Amino acid sequence: MDTARLSRFVSGLWDDDIVPQLVEYIRIPNKSPMFDAKWVEHGYMDAAVKLMETWARSKLAALPGATLEVVRLEGRTPLIYIEVPGQGDDTVMLYGHLDKQPEMTGWAEGLGPWTPVIKGDKLYGRGGADDGYAIFGSLAALLALHEQGIPHARCVVMIEACEESGSYDLPCYVDHLAARIGSPSLVVCLDSGCGNYDQLWLTTSLRGMTGGNLTVQVLEEGVHSGDASGVVPSSFRILRELLSRLEDPVTGQIKPKELYVEIPVQRVEQAKLSAGVLGSDIYDKFPWAGGTQPVTRDLAELVLNRTWRPQLAVTGIGGMPPLDSAGNVLRPQTSVKLSLRVPPTLNGAKAGEFLKQLLEKDPPYGAKVNFALEKDGSGWNAPQLSPWLEQAVADASQHYFGAPATYMGEGGSIPFMGMLGEKFPKAQFLITGVLGPHSNAHGPNEFLHIPTGKKVTMVVAEVVARHHAQSAKA
């Protein structure tokens, strides 16, 4: 393999073709079904699928025998399914998603979720990095191999449209396409993060997630606060008490031991190494307000907190009027949306059941309490890397980043990985991505760091080629 030639090919394809496509993709407000109940009616999801399908079809001629199908199961989000023939009996699966998180507030002047803006080497806008680039990067990697006549195994590309809602449609598609997918020996996922933009980062684990809407109701309607306060308990106060069953309000630590697991020794050591590489970048990357400080200055503990320990975020609130229309009323109810990240090896469904029981049992003052589970998904802990893959990753990181590869867990979830780990226990995994410092996926000012997108594409190409070379030896 001529790595310099591969770099030139991939970089040129990104500049001339992929970035313009991502610009158009960012314009489409194709929010995931959880955030757009009328996604079918609005048609934005279909528009995003069409954009990617059209581009991919324009490249298939350079991949002899390749086929593309937009698979649609009744009542479910669509899925783009591509097969690229290869040599040998093995299969590589390349995965990504095209649905997006909602708008979020706080975008800087001139930026917006559906307003693509290129500033220097960054492409701003929702979804480019998380992870609309996946289909483009995956096919670009295969095109780069074909450009040099380098063999690879049969490749299957799957781009779903439900990941940001928990990938609840994906198992149905995997079952529906099982005979066509086969049994991948290598899975490539481009939906993860990177600790910095200076080297390749491999994701070793992903936290699971559960959550839903917690509602506390004390009255059938609001009443004068001067009349009721001191007689009727506040729904907000009761809600605070219930949350304190789950989270220590002073330290932020999750209280129930049932939501913890024993952290593998190797992951602890990797956390220490990652902390040594990143230093204060672990927390400096966040847009702190005022004098706010991280929960601890122990860098390795911060890494473990966000990768292997349960943590709670309250992501929404209901039952409260805006400040400018908040009268002197004791409100009848308060609701919050809870997002609980759970350790990679904890069963997400059981965590959800435990959470519901914890919050609903023995409500203070006999208040009406309901926790409506909205989502649950288990995490994922990577299998031991095969020697060939560990070496391929090390070489590719040096070739394209000029630095060693680094290993670290991620605090977010990719539901598909846990499912694939169960279905294909012998598969090797290359989980990486472009979501580095300040890229702010799900939040305002999200951006794709274009040079990292290029380099990750190059890495995928080399690893896929090395996978075939290893398979040929077996």
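A charge is taken to sit over an aromatic ring if NZ of Lys or CZ of Arg is within 6 Å of the ring centre and within 35 degrees of the ring normal. In the present structure, a predicted model, the charged end of K100 is placed over the ring of Y25, at 4.2 Å from the ring centre. A further case is K122, whose charged end sits over the ring of F447, 5.4 Å from its centre.

Across the whole structure, five aromatic pairs were found. One of them joins W14 and Y133, which count as tilted because their ring centres are 6.3 Å apart and their planes meet at 45°. As W14 belongs to helix α1 (residues 3-26) and Y133 to helix α4 (residues 128-147), the pair ties together parts that are 119 residues apart in sequence. Both W14 and Y133 are buried. In the pair W55 and F136, the ring centres lie 4.8 Å apart and the planes stand at 65°, so the arrangement is edge-to-face. This pair links helix α3 (residues 44-59), which holds W55, to helix α4, which holds F136, across 81 residues. W55 and F136 are likewise buried.

Helix α9 (265-278) is among the elements that supply at least two lining residues, together with β8 (201-206), β16 (406-410) and β17 (428-435); the largest share, four residues, comes from α9. The lining comprises ten nonpolar, seven polar and two charged residues.

Technical notes. Residues are numbered from 1 along each chain as its sequence is written. This is a predicted model: local features need pLDDT of at least 70, side-chain atom pairs count only at pLDDT 80 or more; totals for chains, interfaces and linings use all residues. Side-chain values use heavy atoms; hydrogens and water are left out. Ala, Val, Leu, Ile, Met, Phe, Trp, Tyr, Cys and Pro count as nonpolar, Asp, Glu, Lys and Arg as charged, and the others, Gly among them, as polar. Rings of Phe, Tyr and Trp (its six-membered ring) pair if their centres lie within 6.5 Å; planes under 30 degrees apart count as stacked, over 60 as edge-to-face and the rest as tilted. Buried means under 20% relative accessible area, exposed over 50%, partly exposed in between (1.4 Å probe, protein chains only).
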